[in-house]
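Hi,

Here is the structure I promised to pass on.

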Amino acid sequence: MEAVAEEDLPAERPVGGARAPRALRPPMSWGAGGGRRLWAGRRIRPGYRVLVSTTPEPAAHGSGPDPSPPGLATASPAAADGASPAAATAVAVCSLRLFDTATGTVRLLELRDPGRVGMYVCGPTVYDVPHLGHGRFSLVFDVLRRYLRFCGLQVRYVSNITDVDDKILDRAAREGRTPSEVAGEFEAVWWRAMDALGVGRPDETPHATAWVEAMVAMVADLVGRGVAYETDDGVYLDVEQVPGYGLLALQPLDSLRAGARVESSVEKRSPLDFALWKKVAVIPSGAAGAGGVLAGAPGVSGAAGDASAGVPGSAGAGGSEGAGAGAGAGELWWPSPWGPGRPGWHTECVVMSLGLLGDGFDLHGGGQDLRFPHHENERAQAVAAGRTFAQHWAHNGFVEVDGEKMSKSLGNFTSLTDLLAQADGRAYRLLVLRSHYRKPIEVNPATVADAEEGLARLDGIARRFPAAAAAGAAATTADRALAAGADPEAVAAFRMAMDDDLDTGGALAGVFELVRRANAAGDAGQEAEAERAAATVAALAGALGLALRATVDEVDAATAALVAQRDAARAAKDWARADAVRDELVARGWIVEDGPSGTAVRRKAPSR
Ligand SMILES: [Zn+2]
């Protein structure tokens with residue numbers, strides 16, 4: 001990529017819908033900002049690198065052979081983004097610097113295909129209700145995805161559903177249900193929680209059980225390369241043969257080996273070796289599956305008809321599992337060259353991410369707890385198979401709940417579902433965004449209530465300046481926000497914060513300063529200034545996934561009386577009385593705001 005002088009950057013360009021004709025767009029180039037300078041309405045920080053590129057012609061997002069597994073449709077990245085390639089933003093700017101766990105540095109998110117981001121985030125294993133940590137990683141990567149789109153990039157976001165796992169099988173066996181019943185129930189719970197959080201659906205949600213054929217093929221390839229070996233209970237990766245093993249664990253192989261738990265019952269070469277394939281020793285009687293998923297698969301033996309893998313046409317309980325998997329209550333298996341079994345968790349994600357996003361995809365993310373062994377072991381398989389894996393690794397921090405406050409009787413939240421039953425999902429988003437994504441966050445009723453008060457201030461903007469807020473909220477990219485009347489300086493400051501390793505706390509501070517400005521300007525009768533600030537608040541909050549709500553909850557007579565009493569107390573400057581009434585309203589489940597027209601109240605929990 002050729003470097004260009006700062007002067008070569010276009011001084012101005014149309015924004016929003018008024019796009020330059022294709023021929024007039026600047027060629028793809030790198031610019032090094034040598035000083036503070038306005039470019040497209042944005043001030044560029046000294047030393048800031050800005051990628052300027054023309055929209056690439058539509059191209060296959062992944063590389064290599066057709067990544068779709070049989071029977072799975074693969075949406076094109078353009079379709080996934082809801083826009084045709086021709087309508088994509090003319091100039092995509094990716095100046096996001098993000099901490100990369102693999103290098104231990106904050107570095108520019110460099111893209112395989114200019115203007116396009118392929119990201120894979122490990123999704124849930126659906127065996128129980130989601131916990132607060134699930135909510136956090138979903139929000140963090142939802143915000144990252146939204147921000148990349150706000151910058152004009154096309155994002156293809158893939159997040160899996162692990163629907164075959166020991167925990168699912170254990171629960172199914174315990175409850176006398178099939179694994180798919182358990183997985184189906186908790187996947188539905190998962191999506192309800194994501195909807196309540198306002199987390200956008202991934203472009204692709206591969207289910208592990210639909211990818212087993214490709215997983216068997218990868219394990220067979222690793223065995224063929226001599227880097228994986230079969231034992232009595234499965235197939236294992238020989239991690240001693242993987243260059244750089246320990247990269248994401250941030251520990252060398254020696255110290256990992258020293259700290260590993262030795263399982264004497266397993267004939268592994270090294271305690272660090274992990275199962276790519278788990279053999280199922282006993283197929284429950286009457287549960288012989290058709291095993292049709294592998295029928296006719298090239299190079300894979302043990303297909304339907306293999307005596308060890310079930311009797312074709314005798315579906316038994318397996319018939320209810322679909323996808324040709326054999327199953328009985330509490331068991332799930334597929335045929336393979338090593339006999340009936342199922343894939344290991346680490347094998348699922350490496351196969352699905354490479355399968356959908358192709359070699360060298362841009363970013364792999366997940367919670368901090370997945371760094372090792374899960375992500376290390378995903379990466380190890382790709383390396384051992386001679387594939388290029390994720391180019392950037394992002395991990396978010398933990399959710400902390402004070403140990404003794406964990407119990408529900410003390411008023412804390414026992415799960416994400418529990419929190420969402422008591423609070424506005426947007427409040428949890430705001431709580432998460434107030435802290436840096438790599439730092440731990442504390443979630444308890446006090447921090448949630450605090451976030452709800454902040455949310456009320458944001459919603460107040462939508463009520464007071466509905467037209468400006470609606471215009472700002474409709475802008476899904478920075479260019480459109482500017483076209484909708486957003487303040488260029490504020491948008492630039494927002495982007496500078498977000499580009500600095502997703503400093504959402506800094507970005508939010510700017511948004512709340514705009515809230516103050518909008519209200520102050522409105523109070524002073526400066527309508528244009530107020531509307532500009534309000535439009536900017538809505539646009540930037542929207543970029544973070546916070547949709548402002550102007551609707552006012554129905555207020556019952558008793559509450560209305562308290563509101564009137566509080567207004568009277570404030571008018572009489574009886575602050576003690578005003579505070580007492582405020583506390584009474586809060587105790588009744590209302591969020592209380594002070595507006596120019598008096599006390600306003602909003603329900604704490606969303607109406608459902
Ligand atoms: Zn994963």
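This is a predicted model: local features need pLDDT of at least 70, side-chain atom pairs count only at pLDDT 80 or more; totals for chains, interfaces and linings use all residues.

Residues are numbered from 1 along each chain as its sequence is written.

Four strands make an open, parallel sheet in the order 9-8-16-17. Helices (H or I, at least four residues) and strands (E, at least two) are DSSP runs numbered from the N terminus, and two strands pair if DSSP finds at least two bridges between them. Strand 9 (154-159) and strand 17 (393-396) are the edges; each has a single partner strand, so one side of each lacks a neighbour in the sheet. On average, neighbouring strands are turned by 20° against each other, direction ignored. Strand 16 (residues 363-367) runs parallel to strand 17 and is joined to it by four bridges, with glycine 367 opposite asparagine 396.

Now the helices. Helix 10 (residues 425-434) packs against helix 11 (residues 445-464) at about 100°, their axes 8 Å apart. Axes are lines fitted to C-alpha atoms, for helices over the stretch in contact, and angles run from 0 to 180 degrees between N-to-C directions. The two helices are therefore roughly perpendicular (65 to 115 degrees). Among the residues that meet are Tyr428 and Leu431 from helix 10, and Val448 and Leu455 from helix 11; contact requires C-beta atoms, placed from the backbone, within 7 Å.

Best wishes

Terms used
Angles under 35 degrees count as roughly parallel, over 145 as roughly antiparallel, 65 to 115 as roughly perpendicular and the rest as oblique. Two residues are in contact if their C-beta atoms, placed from the backbone, lie within 7 Å.
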